[in-house]
Amino acid sequence: MSSFERKVLVLDSRYEPVKVVSMQVGFVLLYTGRAEPLVESDRMMRTVSRSYSVPWIIRLQNSSPKGRRMQGPRFSRQNVYLRDGYRCQYCSWTGPLQGLTLDHLIPAAKGGKTTWENIVTACKACNLRKGMRAPEEVGLRLAAIPVRPHFHPASLFPLRYGLTRKTVPAVWMPYIDLSALDRLAGLLGGGQAAALEAHEESSAQNLPNDGRPDLSKHRSKKRGISHGGKPVVAAFRS
Ligand SMILES: [Zn+2]
């Protein structure tokens, strides 16, 4: 039984996935009139007095996905890695996730911001070599100018919740875009893709869903990885 057997997929009014919630939360959305059932199930939720069936998929009423979509993907370590193809942007190294880190082009100590435009994926060797200097000062050249990515938020949905071909309930499949995950699996090979999935499942509960970057968390994560030797999941945990 996958970990999503007792979960409810929430779609917006355009049938785009927005959240995975517990059956309890799905039940509340439904019975307060904020959502309508879309795909019924025979899964029951019991209260003291009676049982209720909770659908596999519900659809939010009057949700306006437009604003959220305009913001693009959330700024996060994982999304920077995804933008950069899990590849060091200086030497093109790609390898275990433990070997990758995030590098400030203009160091934070010199006023460099934690933004899509100032952060790139780097291997730990290049990150060390660069230190507090500008890339060109130490002979490092960027593979590409970093920009805010514009991939469709729906393609990031499976990554956010650790949904894979193995774990996604069959009835959710028509609404879930697994293409980004497939591309990633091709890039990484089995072991790292599995590590990423494990990370996603462990941290999905903690992720903010409003699409805004959480820079305070990001900075603390940046410190956390410099210690090295931590398990991938611990190093990524927010
Ligand atoms: Zn490198």
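## Secondary structure and confidence

The protein chain contains nine helices and eight strands. The model is predicted, with a mean pLDDT of 77 for the protein chain. Of the residues in the chain, 70% reach a pLDDT of 70 or more. Over residues 197–238, pLDDT stays under 50. For that stretch the model has 44 contacts beyond four places in sequence.

The protein chain has 238 residues, and 29% of them count as buried. Among contacts between residues at least 6 apart in sequence, 62% join residues at least 24 apart.

## The four-stranded sheet

Four strands make up an open sheet with mixed pairing, in the order β2-β1-β6-β3. The edges are taken by β2 (17–22) and β3, and each has a single partner strand, so one side of each lacks a neighbour in the sheet. On average, neighbouring strands of this sheet are turned by 30 degrees against each other, direction ignored.

Strands of a sheet pair through backbone hydrogen bonds, either parallel or antiparallel. Here, β1 (residues 7–11) and β6 (residues 57–60) run parallel and are joined by three bridges. V10 has I58 as its bridge partner in β6, and L11 has R59. On β3 (residues 35–39), the pairing with β6 is antiparallel and runs over four bridges. The bridge partner of E36 in β6 is R59.

Which residues of α1 are buried? They are G26, F27 and L29. These residues lie on the same side of α1, because the arc they cover around the axis is only 165 degrees. Q24 and Y31, on the other side of α1, are exposed. The buried residues of α1 pack against β1, β2, β3 and β6, and also against β4 (44–46) and β5 (51–53). After α1 comes G33, with a positive phi near 80 degrees.

## Nonpolar cores

In soluble globular proteins, nonpolar side chains tend to be buried together. In this model the largest nonpolar core has 22 residues. Those with the most contacts inside this core are V8, L9, V10, I57, I58 and W172. At least two residues of the core come from each of β1, β2, α1, β6 and α5 (153–161). A second, separate core has 11 residues, including Y86, L100, I119 and V120.

What does V10 touch, leaving out residues up to four places away in sequence? The contacts of V10 are V18, K19, V21, L29, A35, I58 and L60. One of these, I58, is also the bridge partner of V10 in β6. Another, L29, is among the buried residues of α1.

Terms used
Residues numbered from 1 in each chain as written. Pairing = 2+ DSSP bridges. pLDDT = per-residue confidence, 0-100. Contact = placed C-beta atoms within 7 Å. Buried ≥ 20, exposed ≤ 12 C-beta atoms within 10 Å, placed from the backbone. Axes fitted to C-alpha atoms, helices over the stretch in contact; angles between N-to-C directions. Core = buried A, V, L, I, M, F, W, Y, C linked by C-beta atoms within 7 Å. Arc of directions from axis to C-beta.
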